[in-house]
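Please look over the sequence and structure below before reading the briefing. The points that follow are grouped by topic.

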Amino acid sequence: HASDIISTVEFNYSGELLATGDKGGRVVIFQHEQESKNRPHLRGEYNVYSTFQSHEPEFDYLKSLEIEEKINKIRWLPQQNAAHFLLSTNDKTIKLWKISERDKRAEGYNLKDEDGRLRDPFRITSLRVPVLMPMDLMVEASPRRIFANAHTYHINSISVNSDHETYLSADDLRINLWHLEITDRSFNIVDIKPANMEELTEVITAAECHPHQCNVFVYSSSKGTIRLCDMRAAALCDRHSKFFEEPEDPSSRSFFSEIISSISDVKFSHSGRYMMTRDYLSVKVWDLNMENRPVETYQVHEYLRSKLCSLYENDCIFDKFECCWNGSDSAIMTGSYNNFFRMFDRNTRRDITLEASRESSKPRATLKPRKVSTGGKRKKDEISVDSLDFNKKILHTAWHPKDNVIAVAATNNLYIFQDKIN
């Protein structure tokens with residue numbers, strides 16, 4: 001089903017809940033089950049906790065455009081009470097959802113009978129005190145706020161600020177700052193739209209708030225650059241505070257250089273000292289104090305450099321891969337083709353290619369490292385570049401904030417892998 005294709009994956013702050021959004025506008029939340037005493041070797045599994053329709057397809061009559069219901073991003077708010085809150089967005093409209101549990105209901109009303117019919121006032125001779133009775137657990141999702149009509153172009157990012165009161169949303173040309181309580185106005189903090197659209201040379205591809213400094217955010221561009229902005233310096237952050245760009249190696253310049261240098265994702269490390277960017281062939285880690293080049297560069301699938309022509313023809317070259325940090329910032333993960341995903345250990349500089357497949361997801365199956373052969377003789381357990389399936393791609397991954405548990409979206413299947421307990 002095309003509507004089942006997963007379009008975003010996100011753990012909440014504790015890692016107890018995992019949310020996915022799909023092309024059909026649905027949000028599915030999974031909850032981590034506590035380990036059972038009789039099977040201690042099995043870490044708790046993630047089971048479906050709540051499913052709800054977040055967005056519906058709409059039609060913009062002024063522009064004669066269909067607005068699809070696909071969920072572009074989900075971001076959790078830090079938990080303040082028993083309920084959970086998340087923001088979900090499609091191309092145009094952001095919604096704040098409350099997810100809460102009910103396991104009791106009131107019984108013994110004075111003015112109505114148990115079946116809900118109103119009682120004749122003359123028959124009420126005594127005062128009853130209603131009591132709360134247990135009932136089966138119900139998880140309810142209700143929309144609390146709808147933030148609409150602020151984006152002319154498609155929203156590609158939402159990011160909750162560390163003040164927990166504001167969040168930003170970014171489209172191709174503008175970034176807006178919202179207050180979570182105020183839906184009818186937002187504050188435009190970046191606008192890169194040229195006066196004449198024919199002079200347009202770059203678009204915003206992703207944006208994120210700093211994890212600790214609520215005045216700092218970054219946004220990446222289709223030209224492979226990242227701008228860090230400080231809202232204390234100016235209300236409109238068109239003049240960035242820092243500009244991160246790696247000079248291009250003239251020897252590797254090709255027709256595709258500009259396309260593959262476009263950044264598809266940017267993520268601050270949990271510590272707030274680094275940020276990671278993903279472009280078509282690589283992941284780069286930048287120190288926020290060093291703008292002229294990344295401190296680490298990891299090749300995701302270098303063997304595709306010779307295949308860019310056919311990847312351009314089948315449009316894969318425009319795929320937008322995301323990237324994520326583990327809880328301690330010591331490792332990073334990002335996806336590739338053929339349902340492969342890559343993990344890089346920043347300390348040992350070791351890397352591994354793993355595959356999300358039906359075989360690897362059987363209970364207690366161990367993930368075997370995969371190798372891709374590039375020309376020459378192929379070893380027996382290697383996969384040739386020409387037999388990779390480019391329709392099977394892992395664009396969305398998430399890492400549990402504390403444990404070694406990862407979630408990997410392979411088209412319409414969600415895989416959850418965890419470290420073995422010896």
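Predicted model: local features only at pLDDT ≥ 70, side-chain atom pairs only at ≥ 80, totals over all residues.

V266 stands opposite T277, a residue of strand β20.

- Strand β19 covers residues 265-268, and strand β20 covers residues 274-278.
- The two strands pair in the antiparallel sense over 4 bridges.
- β19 and β20 form a hairpin, with 5 residues between them.
- In the turn, G272 has a positive phi of about 85°.
- Both faces of β19 are covered: D265 and K267 are buried on one side, and V266 and F268 are buried on the other.

**Two open sheets**

- Strands of a sheet pair through backbone hydrogen bonds, and the pairing is either parallel or antiparallel.
- Within it, β9 (residues 94-107) pairs with β10 over 13 bridges, and S100 has E140 in β10 as its bridge partner.
- Another open sheet of 4 strands runs in the order β23-β24-β25-β26, and its pairing is antiparallel.
- The edge strands here are β23 (323-325) and β26 (351-355), each pairing on one side only.
- The twist in this sheet averages 20° from one strand to the next.
- Strand β25 (residues 340-345) pairs with β26 over 5 bridges, and the bridge partner of F340 in β26 is E355.

**The largest nonpolar core**

- In soluble globular proteins, nonpolar side chains tend to be buried together.
- The largest nonpolar core in this model has 19 residues.
- Y280, L304, L311 and L388 have the most contacts inside this core.
- Leaving aside neighbours within four places in sequence, L304 is in contact with L281, L311, Y337, V385, L388 and F390.

**Cysteines**

- The count of disulfides is 0.
- C316 is in no disulfide, and the nearest cysteine sulfur, that of C309, is 13 Å away.
- C316 is buried, with a relative accessible area of 4%.
- C323 is in no disulfide either; the nearest cysteine sulfur belongs to C324 and is 7.3 Å away.
- C323 is buried too, with a relative accessible area of 0%.

**Salt bridges**

- Side chains of opposite charge can pair when their charged atoms come close.
- The count of salt bridges is 26.
- D22 forms a salt bridge with R26, with the closest N and O atoms 3.1 Å apart.
- D22 counts as buried because its relative accessible area is 7%, whereas R26, at 24%, counts as partly exposed.
- D4, D22 and R26 are linked in a network of salt bridges.
- E107 forms a salt bridge with R105, with the closest N and O atoms 3.0 Å apart.
- E107 is partly exposed at 24% relative accessibility, and R105 is partly exposed at 40%.
- K307 forms a salt bridge with D386, with the closest N and O atoms 3.5 Å apart.
- This pair links distant parts of the chain, 79 residues apart: K307 lies in the loop between β22 (296-299) and α2 (308-313), and D386 lies in the loop between β28 (382-384) and β29 (396-399).
- K307 is partly exposed, with a relative accessible area of 24%, while D386 is exposed at 63%.

Methods:
Residues numbered from 1 in each chain as written. Heavy atoms only, no water. Core = buried A, V, L, I, M, F, W, Y, C linked by side-chain atoms within 4.5 Å. Buried < 20%, exposed > 50% of the residue type's maximum accessible area, 1.4 Å probe, protein only. Contact = heavy atoms within 4.5 Å. Pairing = 2+ DSSP bridges. Disulfide = S-S within 2.5 Å. Axes fitted to C-alpha atoms, helices over the stretch in contact; angles between N-to-C directions. Salt bridge = Lys/Arg side-chain N within 4 Å of Asp/Glu carboxyl O.
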